[in-house]
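Student: I am new to this structure. Please show me how to read a few of its features.

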Amino acid sequence: MTTAAAVPRTAQEFKGNDKLLTGIVLGVLTFWMFAGTVGTIARAMLADINGGQIDQVANPNVTLDQMNLAVSITALFSGLFIVFAGGLADRIGRVRVTQAGNVFAIVGSALVILARGGVALPLLLAGRAIQGLAAACIMPATMALVKAYWDGAGRQRAVSMWSIGSWGGAGVAALFGGFVASTFNWRVIFYASIVISVVAIALVWGTPESKAEGGTHQRFDVPGLIIFMIAVLALMILLIFGRQLGWTRPLTLGLAAVAVVGLVVFVLYERRQENPFIDFALFRNVTFTGATISNFVLNATIGMLIVSQQMLQIARPELFDPWKAGLLTLGYAVTIIAFIRVGERLLRAFGPRKPMVWGATIVAVSCALLTPTNILVGPYTVLAVIAYSLFGLGLAFYATPSTDAALSNLPEAQAGSGAGIYKMASSLGGAIGAALSLAIFTAFLGGGVTIVGELLHTQGLQANAAVRQAGLVAFMFNVILALIAIISVLATIPKGRKYHD
């Protein structure tokens with residue numbers, strides 16, 4: 001009979017191995033590589049769900065705005081629940097929460113696969129939300145397992161493999177999703193995701209449980225999470241459906257009121273809690289604040305990637321199916337994987353400020369390269385390949401220095417809370433940025449406002465001028481986001497290498 005004391009001894013003696021590491025990386029891939037494909041294949045999904053059509057469907061099962069919500073809601077739910085799931089993993093066990101995340105990934109993918117007919121919308125949104133919940137469980141729990149079960153050079157290798165699973169998975173998502181959607185059917189992506197999750201469960205199975213050592217567990221701030229979730233969901237619905245509902249309609253104004261009042265109530269409530277969902281005291285640290293803001297804003301530029309993929313498929317469908325559009329992002333996948341460790345070396349050589357500015361500047365340039373949508377498709381394709389490659393390079397330069405600036409400058413006792421907030425900023429930035437970019441793109445598709453064609457000479461086909469115009473405005477918005485990230489870094493991150501308190 002196994003005693004209660006035997007379990008901790010087994011966990012203390014356990015050393016991480018390649019079987020567990022492979023299971024961890026596969027779990028991470030279920031979000032970044034599989035769930036992350038939807039931005040590229042959204043048009044294919046929409047056409048299939050609506051019986052082969054996207055536009056001029058009398059009673060669509062899913063509208064374009066609803067699909068935009070489905071694209072964004074996964075990152076939103078990941079951001080909303082990542083702090084809660086990380087704390088839960090420390091309390092009940094990182095292996096349990098990792099396995100729960102893999103189960104959520106299976107359920108979410110299955111619901112997306114089943115999205116058909118009259119029940120397509122609820123199944124699609126529920127599936128995408130559960131995929132986000134899966135990511136919220138898997139990411140902090142697996143990183144905690146890496147910290148618990150690997151040491152020294154082995155831990156550095158494990159962290160690198162984890163990073164390749166996340167950054168690499170994100171890099172190849174558009175390419176992989178486009179290939180599968182064009183060659184087979186988009187649902188095959190989520191069948192594959194289920195298989196990968198099952199394999200991940202099998203590989204992690206049997207790993208000794210790991211929990212936070214010592215101390216008393218404080219009750220999680222569930223009311224704070226609920227207030228925050230209501231406010232952010234109201235904001236997301238407002239951004240995506242505001243134009244469709246009418247900006248002056250009572251429902252739209254009510255959503256705006258819920259978002260604003262909810263966020264104000266959330267801040268006031270959190271300041272009075274002993275163990276708040278978001279500890280605003282952390283933001284007294286200017287370096288942490290600047291790194292977190294720039295992290296939020298720079299992650300929001302992922303909307304550029306999503307909009308550009310959709311714009312190419314709408315403007316020239318005979319030239320760009322999901323596979324051919326995704327193929328243009330190959331440089332993004334290569335540069336973000338190849339240069340992620342370069343960002344680490346730049347941090348050691350220059351401190352965090354310079355590589356963070358360089359990375360954000362490169363992202364701004366990549367967004368700017370996509371703005372001349374009035375030119376012919378051949379030259380624009382070349383610009384797109386360069387832009388995607390630079391986008392990956394900029395994020396690779398920025399990632400490690402930003403994380404180090406945010407967390408290394410905090411006292412040890414606040415490192416866990418700071419990491420949760422910083423990671424939440426990444427996911428929420430991606431969700432809100434994607435929603436804003438898609439909302440701008442959709443609005444200008446049929447807004448009746450002409451920019452391309454009056455201010456700029458439109459070359460080639462004129463029938464797709466509105467689509468090209470919509471892309472231009474969305475890309476300009478993302479340039480502004482990258483500039484805000486640069487300003488945030490310059491205003492808050494100290495110069496030089498010595499930035500720790």
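Student: Is Glu-318 buried, partly exposed or exposed?

Tutor: Buried means under 20% relative accessible area, exposed over 50%, partly exposed in between (1.4 Å probe, protein chains only). Glu-318 has 48% relative accessibility, so it counts as partly exposed. This is a predicted model: local features need pLDDT of at least 70, side-chain atom pairs count only at pLDDT 80 or more, and totals for chains, interfaces and linings use all residues. Residues are numbered from 1 along each chain as its sequence is written, and side-chain values use heavy atoms, with hydrogens and water left out.

Student: Which residue forms a salt bridge with Glu-318?

Tutor: Side chains of opposite charge can pair when their charged atoms come close. The cut-off is a side-chain nitrogen of Lys or Arg within 4 Å of a carboxyl oxygen of Asp or Glu. Here the partner is Arg-316, with the closest N and O atoms 2.5 Å apart.

Student: How many salt bridges does the whole structure have?

Tutor: A search finds eight. In one of them, Asp-48 meets Arg-187 at 2.9 Å, N to O. Asp-48 lies in helix H3 and Arg-187 in helix H8 (residues 187–204), so the pair ties together parts 139 residues apart in sequence. Helices are DSSP runs (H or I, at least four residues), numbered from the N terminus. Asp-48 is partly exposed at 30%, whereas Arg-187 is buried at 5%.

Student: How many residues of H3 are buried?

Tutor: In H3, 10 of 12 residues are buried. Among them are Val-38, Ile-41 and Leu-46. Just after H3, Gly-51 takes a positive phi of about 75°.

Conventions: Helices (H or I, at least four residues) and strands (E, at least two) are DSSP runs, numbered from the N terminus.
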